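Subject: Structure for you to look at

Hello,

Here is the structure I promised to pass on. Please open it alongside this note, and then read on for what turned up.

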Amino acid sequence: MHIKITGTGCYIPPDITENSTFAQHEFLNVDGSPFHHPNEVIIEKFKAITGIKERRYVLDQHTTSDIAFFAAEKALEDAQLDKETLDYIIVAHNFGDIKKGTDQSDTVPSIASRVKHSLKIKNPKCVAYDVLFGCPGWIEGVIQAQAFIKAGMAKKCLVIGAETLSRVVDSHDRDSMIYSDGAGATVIEATAQDGGILSHASATYAHDEAYYLFFGKSYNKALTCNTKYIKMYGRKIYEFAVTHVPVAMKECLDKSGVSINQLKKIFIHQANEKMDEAILHRFYKLYHKEVPSGIMPMNIHELGNSSVATIPTLFDSVKKGNITNQELHKGDVVIFASVGAGMNINALVYKY
């Protein structure tokens with residue numbers, strides 16, 4: 001028995017927000033003081049570091065569960081799967097449904113239950129639940145689906161990563177330019193076909209690192225409301241990621257028994273272009289190798305950081321030939337790797 005991704009689908013919101021949109025924002029320091037540089041300089045430096053030139057936001061009427069459903073429909077169609085045969089629906093997200101113009105997260109019922117409802121699945125044995133694991137949530141959902149299948153508890157699972165970070169950003173925080181919205185879905189099945197999941201690794205670092213990403217008040221001290229927004233210690237996260245993610249990737253690859261020379265693609269969470277490049281170089285340095293050209297597909301330049309959705313949307317796009325000079329062939333071995341709030345890290349080696 002092999003456990004494979006038999007169908008993929010994604011939803012990329014149509015609303016394109018370019019960097020120039022932020023030219024009129026009032027960006028502030030943590031203490032509420034203004035930056036000494038004009039916004040044009042701030043935006044230019046931001047693009048040089050992150051690689052982001054534009055990002056996608058959901059339409060006003062849509063929420064996380066809506067776009068998760070859109071991606072799910074495409075994945076089920078791609079897998080040619082009867083939705084009533086699903087054993088699990090696992091949805092990775094971080095902030096639930098937040099309607100436009102509100103500041104309250106809605107997670108009851110679970111996002112997974114809402115997706116099941118939207119899919120009109122009648123089978124009560126199809127269990128739906130959410131995963132809160134930071135940006136690595138989709139990979140962790142795939143790992144859990146694999147465990148259910150290996151244990152004989154399931155044969156078919158739908159794993160989704162969906163997020164609407166545009167609803168939880170502080171417009172006075174320059175980091176708000178990083179975040180975006182999107183959803184990616186995958187069908188995971190037991191199959192007789194060759195390949196599939198070869199190995200995985202997960203870890204949570206919470207002794208000193210738990211609050212590198214957190215919910216905090218606006219940098220605008222004049223605001224009297226208690227609304228909180230996504231915040232992060234960017235430098236600490238960068239140092240943490242480039243130190244620990246390459247090691248987790250090596251652990252996972254070594255466990256799979258696959259040589260690094262056999263790797264065809266590396267799908268890393270699209271958080272920051274410079275950070276991902278540093279992770280890649282350190283990973284290959286652990287094997288005393290040079291980084292092969294074109295091994296790391298990226299879509300952060302156009303899509304920004306949509307948290308749990310970055311890897312499944314990227315994988316779906318490459319799989320379907322939607323990224324220039326990037327393609328997958330049967331038998332290719334790839335790695336998925338992510339890092340995020342928790343601080344959590346995971347990796348997964350997969351034979352396409």
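A definition first: helix axes here are lines fitted to C-alpha atoms over the stretch in contact, and angles run from 0 to 180 degrees between N-to-C directions. Bear in mind too that this is a predicted model.

**The helix pair**

Two packed helices are described by the angle between their axes and the distance between the axes. The axes of helix 5 and helix 6 come within 9 Å. They cross at roughly 40 degrees. Angles under 35 degrees count as roughly parallel, and 65 to 115 as roughly perpendicular. Helix 5 and helix 6 are therefore oblique to each other. Their crossing is right-handed.

Which residues of helix 5 meet helix 6? Among them are Ile-237, Tyr-238, Ala-241, Val-242 and Leu-253. On the helix 6 side, the contact includes Met-275, Ala-278, Ile-279 and Phe-283. By class, the contact of helix 5 with helix 6 has 12 nonpolar, 1 polar and 3 charged residues.

An open sheet of 4 strands has the order 8-13-12-11, with mixed pairing. Strand 8 (196-204) and strand 11 (263-268) are its edge strands, and each pairs on one side only. From one strand to the next, the twist averages 10 degrees.

Strand 8 pairs with strand 13 (residues 344-351) in the antiparallel sense, over 8 bridges. One place to look is Ser-202, whose bridge partner in strand 13 is Asn-346.

Helix 4 (residues 137-150) touches strand 8, strand 12 (333-340) and strand 13. The direction of helix 4 makes about 60 degrees with that of strand 13. Helix 5 (residues 234-256) touches strand 8, strand 11, strand 12 and strand 13. The direction of helix 5 makes about 35 degrees with that of strand 13.

Strand 4 and strand 5 pair in the parallel sense, over 5 bridges. Ile-89 stands opposite Ala-128 in strand 5.

**Backbone points to check**

Most residues other than glycine have a negative phi, and most peptide bonds are trans. Where are the exceptions here?

- A cis peptide bond joins Val-108 and Pro-109, with omega about 0 degrees. Pro-109 sits in the loop between strand 4 (88-92) and helix 3 (111-119).
- The peptide bond from Gly-342 to Met-343 is also cis, with omega near -10 degrees. Met-343 is in the loop between strand 12 and strand 13.
- Lys-120 has a positive phi, near 60 degrees. Lys-120 lies in the loop between helix 3 and strand 5 (127-131).
- His-288 has a positive phi of about 60 degrees. His-288 belongs to the loop between helix 6 (273-285) and helix 7 (300-303).

Are Lys-120 and His-288 buried or exposed? The cut-off for exposed is over 50% relative accessible area. Lys-120 has 62% relative accessibility, so Lys-120 counts as exposed. His-288 has 75%, so His-288 counts as exposed too.

Best wishes

Note on methods. Residues numbered from 1 in each chain as written. Predicted model: local features only at pLDDT ≥ 70, side-chain atom pairs only at ≥ 80, totals over all residues. Heavy atoms only, no water. Pairing = 2+ DSSP bridges. Helix = DSSP H or I, 4+ residues; strand = E, 2+ residues; numbered from the N terminus. Contact = heavy atoms within 4.5 Å. Buried < 20%, exposed > 50% of the residue type's maximum accessible area, 1.4 Å probe, protein only. Parallel < 35°, antiparallel > 145°, perpendicular 65-115°, else oblique. Left-handed = near helix turned anticlockwise from the far one by under 90°. Nonpolar A, V, L, I, M, F, W, Y, C, P; charged D, E, K, R; others polar.
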